[in-house]
Protein chains: 2
Amino acid sequence: MKVNIRNIRKQDSDELIRLITELAEFEKLKPPSKQAQKRLLDAVFSRKFGIKVLVAENDRKLIGYAFYFFTFSTFLAKPTLYLEDIYISEKYRRSGTGKKMFRELIKIANNNKCGRLELMVLDWNVNALRFYEKFGAKNLYNWKFYRISF
Amino acid sequence: MKVNIRNIRKQDSDELIRLITELAEFEKLKPPSKQAQKRLLDAVFSRKFGIKVLVAENDRKLIGYAFYFFTFSTFLAKPTLYLEDIYISEKYRRSGTGKKMFRELIKIANNNKCGRLELMVLDWNVNALRFYEKFGAKNLYNWKFYRISF
C-alpha cells in the first residue's frame, strides 16, 4: 500500500470533514455542526491560529490526518510541537500509516528546533498510549491538566 | 497597593529575567542560562512563536508575569488561551495581584472568542490548584499528558 504524507490543500476540505465525522462517530461523539466545520476550515486555511494539518493519502483518497501547532516552553526557551489530533481511518490501521505520520511529525519538530513534542491521550485509549510509548513518549503523571470552559 | 497589569515592553527585559531567575530559585531549579535568556527574549519580542506576556507592575517595579499563547481546539473549532506560566513575586502574594492577572487573562480569552482557557499544574502545588479552582477550572483527570524530549 502506497501512502503519501503531505500538507493539507484547500481541495482536501470535504475529505477532511468526512474523516473528522468518521472519528466523531467512532468515539460516539456528536459530529461537528456545519458552523463548526466552517470555523475549522477557515482556521486551517486562514493560517490565523498557526494550525497545521498533515494528511495521509492513498490512491487519491484521504485515509488520515494530524492537526498540530507550535507552542513554546519557557523552561527550555524552545518551541514545542503540540499534536492536537492524529487519526487514521479504521480500515487503514496497522498498515504503518500512523507510524509514517508520526515519524513525519518528529522530523518537523526537529526541523523547527523544538525541544519537545507533546500530546494528550484519553486514559482508556490503551492502543494509543502504547503507540506513543514506542516512540519514546513519557507520561508526565505529576502534571495536572486544568481547563476553564466558557 | 496599586498594581497595573499590562503587556510587556522591551525595556522590561531585565526585570523579566530577574523574576524568572527568582522563580527558578524558589522551585530549586537551575535558572536559565545566558543563552536561554537570549532565546526567550528573542522569542517574546520577535513575535515569531505567538507568545504573549502580561506583567504586573507596582511602583515601577515588575512583581509578576504571565506567559500565554493561543492554541486551538479542533473539537470546538475555537481558539484556546493556554497559560504557560504565571508567577507573582513571593512578597507580593496574597495582595490580589494573581487574581487581577488571572481575571485579565479570562478577559483576553473572551475577547478572542476562546472556548477554553487551559493550563498544567504540578500536583504538589496545592495553593495553585485551589487558586485555579476558585476561577472554575476543572481537572481533566482522564487525560494523560505525554512528552517526547529531543
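Two strands are taken to pair if DSSP finds at least two bridges between them. Helices (H or I, at least four residues) and strands (E, at least two) are themselves DSSP runs, numbered from the N terminus. The model described here is predicted: local features need pLDDT of at least 70, side-chain atom pairs count only at pLDDT 80 or more, and totals for chains, interfaces and linings use all residues. Residues are numbered from 1 along each chain as its sequence is written, and chains are lettered from A and ligands numbered from 1 in the order in which they are written.

Chain A contains four helices and seven strands, arranged along the sequence in the pattern β-α-α-β-β-β-α-β-α-β-β. The C-alpha trace of chain A extends over about 40 × 40 × 30 Å along its principal axes. Its radius of gyration, taken over C-alpha atoms, was compared with a globule rule of 2.2 Å times the number of residues to the power 0.38. For 150 residues a compact globule would have a value near 15 Å, and the 16 Å of chain A agrees with this. A residue is termed buried if 20 or more other C-beta atoms lie within 10 Å of its own, exposed if 12 or fewer, and partly exposed in between, with C-beta atoms placed from the backbone. By this criterion, 31% of the 150 residues of chain A are buried. Two residues are in contact if their C-beta atoms, placed from the backbone, lie within 7 Å. Among contacts in chain A between residues at least 6 apart in sequence, 55% join residues at least 24 apart.

The contact between the chains takes 49 residues from chain B and 49 residues from chain A. On the side of chain B, at least two residues each come from H2, strand E3 (61-73), strand E4 (78-88), helix H3 (97-111), strand E5 (116-122), helix H4 (126-134), strand E6 (138-139) and strand E7 (143-149). The residues on this side divide into 30 nonpolar, nine polar and 10 charged; here Ala, Val, Leu, Ile, Met, Phe, Trp, Tyr, Cys and Pro count as nonpolar, Asp, Glu, Lys and Arg as charged, and the others, Gly among them, as polar.

Seven strands form an open sheet of mixed pairing, in the order E1(B)-E2(B)-E3(B)-E4(B)-E5(B)-E7(A)-E6(B). Strand E7 (residues 143-149) of chain A pairs with E6(B) in the antiparallel sense over two bridges, and Tyr146(A) has Asn139(B) in E6(B) as its bridge partner. Strand E5 (residues 116-122) of chain A pairs with E7(B), again in the antiparallel sense, over seven bridges. In that pairing Glu118(A) stands opposite Arg147(B).

Within chain B, E3(B) and E4(B) pair in the antiparallel sense over 10 bridges, with Phe67(B) opposite Asp85(B) in E4(B). The two strands form a hairpin with four residues between them, and Ala77(B) in the turn has a positive phi of about 60°. E4(B) is joined to E5(B) by three bridges, and these strands run parallel; Tyr82(B) stands opposite Glu118(B) in E5(B). Eight of the 11 residues of E4(B) are buried, so this strand is largely enclosed by the rest of the structure.

Helix H2 of chain B comprises residues 34-46. The expected span of a helix is 1.5 Å times one less than its number of residues; for the 13 residues of H2(B) this gives 18 Å, in agreement with the 18 Å between its end C-alpha atoms. The buried residues of the helix are Leu40(B), Ala43(B) and Val44(B). Seen down the axis of H2(B), they fall within an arc of 95°, so they line one face of the helix; the arc is that of the directions from the helix axis to the C-beta atoms. Their cover includes strand E3 (61-73) of chain A together with strand E2 (52-58) of chain B. The face turned away from the buried side carries the exposed residues Lys34(B), Gln35(B), Asp42(B) and Ser46(B). Just after H2(B), Arg47(B) takes a positive phi of about 60°.

Leu41(B) is partly exposed, with 18 other C-beta atoms within 10 Å, and its C-alpha atom is 9.7 Å from that of Asp14(B), 27 residues apart along the chain. Gln37(B) is partly exposed, with 18 other C-beta atoms within 10 Å. Gln37(B) touches Ile17(B) and Pro32(B), not counting residues up to four places away in sequence.
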